[in-house]
Amino acid sequence: MTAQTRIFDASPLDAACISISGRIVDVSPQAFRVAGLSPFVRLGDCIACPGENGDEIGEVVRIEADALTVKPFGTRSTLGVKAAARRIGPFTVAPSHAWKGRVVDAFGRPYDGLGPLEAGLEERFADSAPPPALKRGRVGKPVPTGIRAIDIFTPLIKGQRIGVFAGSGVGKSTLMGMLSRAQGFDTVVVALVGERGREVREFLEETMGGDLSKLVTVVATGDESPMMRRLAPRTATAVAEWFRDQGENVLLIVDSVTRLAHAARDVALAAGEPPVARGYPPSVFSELPQLLERAGPGFDGSGTITGVFSVLVDGDDHNDPIADAIRGTLDGHIVLDRAIAEQGRFPAIDVLKSISRLADRAWSAQERELVTRLRSMIARFEDTRDLRLLGGYNRGSDQVLDQAVDLVPHIYDYLIQHPGDPVADKPFKDLSKKLKEAFAPPAPAQAR
């Protein structure tokens, strides 16, 4: 382990545990078992075993009277039966301001080939508790994202936790990249969990435009072990908590929580838990809220963590167990719809199904009334789409529908936005201007 990634013994087990080691008694593709350490470890502690290429690290996922079950962080193990194993305590990272602009792995080690990282003076547990509920600050002011559909229909508040729900290939990662460029944040921490390897460089060079000055990226690609994919968002959250406690407003993006749940499922099944809902063991549904609750306001007087968590819905089923469990924990959700993406409208946000529970803190009274009217018109437009396609619509019979037919296509055109497009500083004003231009009388032809 490097100086930038410290696993240390912070428990009251005294120095005696340092001289105590166990032995591996069983090795399987998913885990290995260690005898002799059961009285001296706790769940979540890390175990080190000398391998052919240095120490191999694993995490204790099950404790029995005669042996431990240890899930390794590596994908390929050289360990064998009777190999020595020693406890090295819970996992910690030591972030510093020098981490901005860097890319690290789940262990906090440099991933970008730019040399060693400067370790901070304070070590943070990857698994830490959120601030007590009554000692947390209140959510802050609205923060513009520059994304028109979000700033109008689901505005973001500093300290809010919001989810982006989408199927595969609908534009979820692109939208998350656009959100990462939002102004108003001192630091942006991004956890890329289970992503394709090629997308990491595309995210840094294209989506971010190479501007990494306030970005910390934690990467665990899809080919890495479930333990690394499970650890990456916890490491990213610990880094965000450190910057929050320095008084900064932090944007934490986790893409995606579903891949975290898949990794946690693998770990729980290796620990012997029974599956209860579509193959997910019970601990997965308790682990997710523990991570999500760590985002949000810190103690009064400190900074905030605004959390944006993407959820990859399996088979476009927005009621699958993971999506359903996460939706109730967050302060809002943005739903991407495949049908909208197939029409070429990006970001493919379904404004009728998307909601921000803190939107009233961002809208003025006039803006709230306008959004309500816009939603009503869009709902009327979509509800009558089949009727209009069949020729059952006669203009003049329904004044509200006539207005919706005239306005909604222009609203949809305005909401289309690509990563390279200019950001919208005043989305309500720009939308009003576009609608006025669409229905302005044509200019009189100049006489020759």
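**Stop 1: colour by confidence**

Colour the chain by pLDDT, the predictor's confidence in each residue, from 0 to 100. Confidence is lowest in strand β1 (residues 5–7), with a mean of 47, and highest in α4, at 97. Helices (H or I, at least four residues) and strands (E, at least two) are DSSP runs, numbered from the N terminus. Now select residues 1–19: the pLDDT is below 50 there, and in the model this stretch has 49 contacts beyond near neighbours in sequence. A contact means heavy atoms within 4.5 Å. Averaged over the chain, pLDDT is 90, and 93% of the residues score at least 70.

A word on the ground rules: this is a predicted model, where local features need pLDDT of at least 70 and side-chain atom pairs count only at pLDDT 80 or more, while totals for chains, interfaces and linings use all residues. Residues are numbered from 1 along each chain as its sequence is written, and side-chain values use heavy atoms, leaving out hydrogens and water.

**Stop 2: helix α6**

Select residues 282–292, which is helix α6, and show side chains for V284, E287, L288, L291 and L292: these are its buried residues. Buried means under 20% relative accessible area, exposed over 50%, and partly exposed in between (1.4 Å probe, protein chains only).

**Stop 3: the largest pocket**

Next, select G44, E59, D127, R230 and R234, which lie nearest the centre of the largest pocket, out of 35 lining residues. Two or more lining residues come from each of β5 (54–63), α4, α5 and α6. Our helix from the last stop, α6, gives the most, with six residues.

The space in this largest pocket is about 740 Å³. A pocket here is an open set of points on a 1 Å grid over the protein atoms alone, where a 1.4 Å probe fits, with protein on both sides within 12 Å along at least five of seven lines; lining residues have an atom within 4 Å of a point. Grid points are joined across faces, edges and corners, and the volume is the space filled by probe spheres set on the points.

Colour the lining by class and you get 19 nonpolar, six polar and 10 charged residues. Ala, Val, Leu, Ile, Met, Phe, Trp, Tyr, Cys and Pro count as nonpolar, Asp, Glu, Lys and Arg as charged, and the others, Gly among them, as polar.

**Stop 4**

Zoom in on D255 and S256: the peptide bond between them is cis, with omega near 5°. S256 belongs to the loop between β16 (249–255) and α5. Another cis peptide bond joins F346 to P347, with omega about -5°; P347 is in the loop between α8 (338–342) and β20 (355–356).

K82 lies in the loop between β6 (68–72) and β7 (84–89) and is exposed, with a relative accessible area of 65%. R278, in the loop between α5 and α6, also has a positive phi, near 50°.

Finally, find R373 in helix α9 (residues 365–383). Draw a C-alpha to C-alpha line from R373 to S21: they are 68 Å apart in space and 352 residues apart in sequence.
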